[in-house]
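Visitor: I would like to learn how to read a protein model. Please take me through it step by step.

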Amino acid sequence: MPKSFRGTKETVDRPSSEIKIKINGCWHNFEPERDITPSMTLSYLLREKLGYTGLKVSCDEGACGACTVIMDGKPVLSCMILAVEANGHEIITIEGLEKDDPVVEAFAEQCEPGYGTALQCGICTPGFVMSTKALLNENPLPTMAEVKDALSGHICRCGCYAGVAQAVMHASEKIANKGEDS
């Protein structure tokens with residue numbers, strides 16, 4: 001804990017009692033116990049308290065990937081993170097992506113014969129999209145093996161895995177093409 005000294009009397013700096021989280025580009029301030037309880041998950045805060053309902057909670061046990069958000073550039077399972085742990089961090093939900101984001105477009109457009117669609121019922125889609133966004137931010141030209149590895153923690157009950165993988169590859173192409181056009 002940081003200490004500060006004033007004259008001969010020692011004082012200890014106390015941690016701020018306010019919790020600050022940057023969500024989709026805007027800082028939000030929360031008061032512990034009033035706004036956020038110690039056991040509240042990040043997914044609960046985002047969905048139930050703030051209304052970011054694009055975030056889906058399916059298993060609430062960290063086993064399906066539906067609740068994936070991006071925290072400081074990395075995909076995380078929001079049902080497995082306490083809201084207080086997000087203090088000082090940047091969170092991006094699916095609502096924080098632009099409507100013309102190449103990943104969003106690729107998932108919406110995917111319906112090639114032999115691969116199928118990248119979305120069906122929509123429960124898993126936001127998690128897949130957010131993991132894809134994080135992957136392509138770090139590795140804009142992944143191999144199919146890297147795509148499968150990055151998405152391996154996700155479950156799609158409708159079985160759209162081939163379509164999802166194709167959507168990721170198409171998103172990668174879209175990003176590369178945007179770079180060439182610039």
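Guide: Start with the elements. Helices (H or I, at least four residues) and strands (E, at least two) are DSSP runs, numbered from the N terminus. This chain has 5 helices and 9 strands. The model is predicted, so local features need pLDDT of at least 70, side-chain atom pairs count only at pLDDT 80 or more, and totals for chains, interfaces and linings use all residues. Residues are numbered from 1 along each chain as its sequence is written, and side-chain values use heavy atoms, with hydrogens and water left out.

Visitor: In what order do the elements of the chain run from the N terminus on?

Guide: The order is β-β-β-β-α-β-β-β-α-β-β-α-α-α. The C-alpha trace spans about 75 × 40 × 25 Å along its principal axes.

Visitor: How do I read a pair of helices?

Guide: Two packed helices are described by the angle between their axes and the distance between the axes. Axes are lines fitted to C-alpha atoms, for helices over the stretch in contact, and angles run from 0 to 180 degrees between N-to-C directions. Take α3 (125-138) and helix α5 (residues 161-181). They pack at an angle of about 40°, with their axes 11 Å apart.

Visitor: What is the word for how α3 and α5 lie to each other?

Guide: Angles under 35 degrees count as roughly parallel, over 145 as roughly antiparallel, 65 to 115 as roughly perpendicular and the rest as oblique. So α3 and α5 are oblique to each other. Next comes handedness. A crossing is left-handed if the near helix is turned anticlockwise from the far one by less than a right angle, and right-handed if clockwise. The crossing of α3 and α5 is right-handed.

Visitor: Which residues in α3 and α5 meet?

Guide: Contact means heavy atoms within 4.5 Å. From α3 come F128, T132, L135 and L136; from α5 come Y161, V164, V168, A171, S172 and I175. This contact has 8 nonpolar, 2 polar and no charged residues. For these classes, Ala, Val, Leu, Ile, Met, Phe, Trp, Tyr, Cys and Pro count as nonpolar, Asp, Glu, Lys and Arg as charged, and the others, Gly among them, as polar.

Visitor: How do the axes of α2 and α5 cross?

Guide: The axes of helix α2 (residues 102-109) and α5 come within 8 Å and cross at roughly 135°. That makes α2 oblique to α5. The crossing of α2 and α5 is right-handed. Residues of α2 in this contact include P102 and F107, which face a group in α5 that includes V164 and K178. By class, the contact of α2 with α5 has 9 nonpolar, 1 polar and 4 charged residues.

Visitor: And what about α2 and α3?

Guide: Their axes come within 9 Å and cross at roughly 135°. The crossing of α2 and α3 is right-handed. V103, V104 and F107 in α2 meet T125, F128, V129, T132, K133 and L136 in α3. The contact of α2 with α3 divides into 6 nonpolar, 2 polar and 1 charged.

Visitor: How is empty space found?

Guide: Rolling a probe the size of a water molecule over the atoms shows where empty space is left. On a 1 Å grid over the protein atoms alone, a cavity is a set of points where a 1.4 Å probe fits but cannot get out; lining residues have an atom within 4 Å of a point. Grid points are joined across faces, edges and corners, and a volume is the space filled by probe spheres set on the points. The count here is 1 cavity of 30 Å³ or more. The largest cavity has a volume of about 40 Å³.

Visitor: Which element gives the most to the lining of the largest cavity?

Guide: That is α3, with 3 residues.

Key. 1 Å grid on protein atoms, 1.4 Å probe; cavity = no way out; pocket = protein on both sides within 12 Å on 5 of 7 lines; lining within 4 Å.
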